[in-house]
Amino acid sequence: MSELRVPRLNSNDTEYTLVEWLVATGEPVRPGDLVATVETSKATEDLACADAGVLRHLVAAGTECAVGQVIATVLPVGARVPDGPRPGTPGPEGEPLAGEPIVTEPARRVMAERGIDLAAVRALGRPVIRVADLDALTPPDPGRTEPLSPVQRAVAAVVSESHRSVPTGFVAIAVPVDDALRHARELSRTHRCLIGLPELVVAALGAVADRFPHCFGAYVEPGAVRRPDRIDVGVTIDVGQGLHVPVVRDVAAKPVAEVAKELMRHRLTALRGSFRPADLTGANVLLALHTDDDVTVAVPIVLPGTVCAVSLAGVQPVVRLDADGAPVTRSVVQLGVAYDHRVVNGAQAVELLRAVREVLLAPVR
Amino acid sequence: MAARQRVAEHLNAALGAALAADDRLYLLGQDITDPYGGAFKITRGLSTRFPRQVVATPISEAGLVGIANGLALAGNRAIVEMMFADFVTLAFDQIVNFAAKSVSMYGQRLPMPVVVRCPTGGRRGYGPTHSQSLQKHFLGVPDLDVYEISPFHDCADLFTGVLGRGVPALVFEDKVLYTGLRRPPGTADDLFRYDLVGPWPGTAVVRIAGIDPPDCVLITPGGVAERALVAMRELLISREITCELYVPARLDRTALEPILPAAARAGQVVIVEDGTAGGTWAADLAHQLHTALWGQLRGPVRVVSAADGVVPAAAHLEEEVLVQAGTISATVQRGHR
């Protein structure tokens, strides 16, 4: 197969008019046959073909043809010429064939980056395709992403697993804490360590646990609960280095001062960021501390493998009437518990909270 | 299917139609009769078809415009061909001091249907005295109209309108356009469409449908339009900078109305002309746009003119002096924000 190109016929013009085809498409040609007439701005000239074969027109008579443009091919002798113009060939009058858009170079680069093919672009039905037009073919850029810290990735794994596997309920009760706060201050002085509501709640959980074994157990498929051997309380600590849940061990057997010292060690470890795995595993209840006084109530996440997660909110002042009917200001916290509803129901959860409240209201060891 | 017409053929047909329509119309010029048919073959065949009306004259531009003026005063009409626009300086007195003044200086308005055709511009290697663009010297003369042909405007309509106005006029014809193709109605090329808008003789607006506002409004006379089209294509395809091109056929008192809305919306406005800077069509139009759109333009209207030097004959030197498509493209890119 050979090609018939428009030769340069003068120095003025960059394109010539193909006036007529002297040989029809599909007709046989011999070397030297005059097959087409082109017109320059000065003259007309006949073009000869170089090879023998069957002529196939690529452009129609009347078309403007650039110097060097291929206007016909000579197919092997005996070849059949398919009907219709060859795809991608410009139509007469220099107009592009319908459906063949002009794609800008920036748009071509974006097509390559996003793996968009020409067929998809053609389907847009636009004569010109710019980068903005390609947005219709690709979802908007999700924006920049950055990886989470390893600590937060661990948190993400735990809370995802909790949401996936633990169907929870939640309940909270109000606890007057004026007396408990006074006790805590006295204990701090006596034992020379920081004792506050969190330490009292951890100790109270230890004190009441033997009455609520299911609340400190774990759900076991299909429909069983494992009872706890001892009460290990995981406490949320976030000192700016990420959220950790170190575990205070065997709180039922420890006086509150011991609990307080163990918690303080965990806080210092949290500051250094060097928890060992043993510090963080084995809790059978969670205490989520939301003790910022702006927090009114908090719904905690139940740790997978436990049943209850207790939350301690901030201290709120409330106005109450005293025995004589006079208004007085009291400090109250909302003590909440999220519970695995497969194991525990709302009534037991409330009973657990009331039991903890009893301990807080009574004098503490 | 009719083959597309080259601008030279189109001009030839327009002049033939004008001569056929009015036997008091004369066509005057040097070497315009057959077999030579004029330096650019615009009048080829016309002296054979209209031997009484097509008259070859001696080499005297002042003389042949003077004849045309006399014909007009005597109730005839005349179209004069300068062989090169550069030589129109020799007829400056007849055009400015006689033809233009005769319209009004005799106490009553006198029709002076005289058209001076001027093959203008370079890019042909013809050197300093055969390549100039002298349009600016004829702007602002009372009762003298200045037009420029383009690949978009119909020259038959132009000649009919100019002769009908009875005001002497120059029609500049970029000589590179002659061998180029006339654009079929509505279609500038495979990318751009065009419409003729505004008062006669119309401003061609070349654009891609559906892109508004354009990044840039380009305004050029007909001779620069082809280079502007090349620049517009390159700017769009390489850089996605969109341009809308305005090509008025009338250079003196260019109609502002068709241009103002787009110029106010576009990111920038660039006016391009052939010829050297200084008291030019482009500078005057830029001033008018600044006045009309003060406070609305996104930046100053910029003007691109030829370099401040004579037009060299050597092609590579000529290219440095005259406005090229690349000059237009680079200017638009610099102004693009």
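Visitor: Leaving aside neighbours within four places in sequence, which residues is Leu245(B) in contact with?
Guide: This is a predicted model, where local features need pLDDT of at least 70, side-chain atom pairs count only at pLDDT 80 or more, and totals for chains, interfaces and linings use all residues. Residues are numbered from 1 along each chain as its sequence is written, while chains are lettered from A and ligands numbered from 1 in the order written. Contact means C-beta atoms, placed from the backbone, within 7 Å. On that basis the partners of Leu245(B) are Val206(B), Leu218(B), Thr220(B), Ala225(B), Ala228(B), Leu229(B) and Met232(B).

Visitor: Which helix gives the largest share of the core?
Guide: The largest nonpolar core has 111 residues, and Leu245(B) is among those touching the most other members. A core joins buried Ala, Val, Leu, Ile, Met, Phe, Trp, Tyr and Cys through C-beta atoms within 7 Å; buried means 20 or more other C-beta atoms within 10 Å. Eight residues, the largest share, come from residues 222-239 of chain B, helix H6.

Visitor: How are H3(B) and H4(B) oriented to each other?
Guide: Their axes lie 9 Å apart, at an angle of about 10°. Angles under 35 degrees count as roughly parallel. H3(B) and H4(B) are therefore roughly parallel.

Visitor: What stands opposite Leu312(A) in S19(A)?
Guide: Strands pair if DSSP finds at least two bridges between them. S17(A), residues 308-312, pairs with S19(A) in the antiparallel sense over five bridges. Opposite Leu312(A) stands Leu335(A).

Note on methods: Axes fitted to C-alpha atoms, helices over the stretch in contact; angles between N-to-C directions. Helix = DSSP H or I, 4+ residues; strand = E, 2+ residues; numbered from the N terminus. Parallel < 35°, antiparallel > 145°, perpendicular 65-115°, else oblique. Buried ≥ 20, exposed ≤ 12 C-beta atoms within 10 Å, placed from the backbone. Contact = placed C-beta atoms within 7 Å.
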